[in-house]
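Biologist: I have a model open and want to learn how to read it. Where shall we begin?

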Amino acid sequence: MSHQEAGERLLQESANLADKITEKQYLRQPDLLERFGENGKMRTKQDSQYSLNYLAESALLQSPGLFTHYIAWLKVLLEGYKVSQEDLAINLNLIKETLEEEFDHPSKALLLDYLEMGIYTTQMESQAGYINESMPYGDAAQSYLQCLLENKRKEAFEIIEAQLEAGVTIRDIYRYIFQPTQYEVGRLWQSHRISVGQEHFCTAATQSFISRLYSRWLIHTGQGKRLVATCVGSEQHEIGLRMLTDVFEMEGWDTHYLGANVPNGSVVEAIERHQGDVIAISVTMTYHLHLAKELIQLIRHHPATAHVKIMVGGYPFNIDQDLWKTIGADGYAPGADEAVAVAEQLLAQPATCNHLDMVRD
């Protein structure tokens, strides 16, 4: 299809195009060199290439929301580096101009339309926080986050223990405290309100607390259903997938968590070895969607795994809730609790049924 060819070509040409875009921007804004130096020029090229790659993935999947959400995220990130909304808008307009001049493809109009949406997104308000008092256990989540930001690990875990003593389930701790806290930590890092070191500390602390809670719930009920879970590519955002596999364990499933950086062939081999019934594939970065699609195709075409149900989740699928169909999965769920319901429904389907719509709240 022409839009897919356009996306593939744009991925191939992104580095060369980013060079030209950067040169144009520094000619148009000579003050950039004074403001950011030569290192800033290198970063402009890098950011331009990232934007082109996200634009390409959006075209491959015909999902403009993937690109506009990235631009909204990028706007907040760059503000912390003193790169203004105007600077970003100029960069996006130069990307558009360069594609008009340099990129010859029948689907170029689609790319330009997506760019216009991205340019409009730079004028929109930034995203609100992920924790508030009106959400379930919002006060506890806020206190827990504050303890982590102040490097108070002991006090943070005491908050979790107090919630458990009050009757809150471990599943609700995962859903309403750990998960929104991780989202909020990511947002605070993105807006330069916390450092990379603080972000790593918060994530490591939550991971250690998850491990400390295992003895309170880890049992084997022998239902005989098996889940294999993996991230695609070199993604390091694994904590969400870890929580998902834990929730499946709580429901009596046998789970096999593979993590990230696992070659596709090894994923297929693991599904076969563990006799998986469902494979859960996590994608956090939009530019890894094509890797998920390749993995799904490999699973589908391998005789030992062709029957396995494939479920996907992660940030891009929450943006575009029909995206899972485009890459060939059987189902999608926005969170761990919904994922269990989706997996159960997938296994209850006749063999001839290929797809399952997501569970909606």
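Modeller: With one residue. This is a predicted model. Beyond its close sequence neighbours, A140 touches I159, Q163 and I177.

Biologist: Where does A140 lie?

Modeller: A140 sits in helix α6, residues 138-149.

Biologist: Is A140 buried or exposed?

Modeller: Its relative accessible area is 9%. Buried means under 20%, so A140 is buried.

Biologist: How far apart are the C-alpha atoms of A140 and R193?

Modeller: They are separated by 21 Å, and the two residues are 53 residues apart along the chain.

Biologist: How do I read a core?

Modeller: In soluble globular proteins, nonpolar side chains tend to be buried together. Here, the largest nonpolar core has 49 residues. Y144, I160, F178, F248 and M311 have the most contacts inside it. Elements that each supply at least two residues of this core include α6, α7 (153-165), α8 (170-190) and α15 (336-348).

Biologist: Which element gives the most to this core?

Modeller: α8 does, with seven residues.

Biologist: What is F178 in contact with?

Modeller: Leaving aside neighbours within four places in sequence, F178 contacts Y144, I160, I173, T206, F209, I210, L213 and M243. There is also a second, separate core of 28 residues. L78, L88, I95 and L111 are among them.

Biologist: Now helix packing. What describes a pair?

Modeller: Two packed helices are described by the angle between their axes and the distance between the axes. Take α9 (residues 196-217) and α10 (residues 239-250). Their axes come within 11 Å and cross at roughly 10 degrees. Angles under 35 degrees count as roughly parallel, and α9 and α10 are therefore roughly parallel to each other.

Biologist: Which residues in α9 and α10 meet?

Modeller: From α9 come T203, T206, Q207, I210, Y214 and W217. From α10 come I239, R242, M243, D246, E249 and M250. The contact divides into six nonpolar, three polar and three charged residues.

Biologist: And the sheet: what is the order of its strands?

Modeller: This open sheet has five strands in the order β2-β1-β3-β4-β5, with parallel pairing. β2 (254-259) and β5 (331-332) are the edge strands, each pairing on one side only. β1 (residues 226-231) pairs with β2 over five bridges.

Definitions and conventions. Residues numbered from 1 in each chain as written. Predicted model: local features only at pLDDT ≥ 70, side-chain atom pairs only at ≥ 80, totals over all residues. Heavy atoms only, no water. Axes fitted to C-alpha atoms, helices over the stretch in contact; angles between N-to-C directions. Helix = DSSP H or I, 4+ residues; strand = E, 2+ residues; numbered from the N terminus. Parallel < 35°, antiparallel > 145°, perpendicular 65-115°, else oblique. Contact = heavy atoms within 4.5 Å. Nonpolar A, V, L, I, M, F, W, Y, C, P; charged D, E, K, R; others polar. Pairing = 2+ DSSP bridges. Buried < 20%, exposed > 50% of the residue type's maximum accessible area, 1.4 Å probe, protein only. Core = buried A, V, L, I, M, F, W, Y, C linked by side-chain atoms within 4.5 Å.
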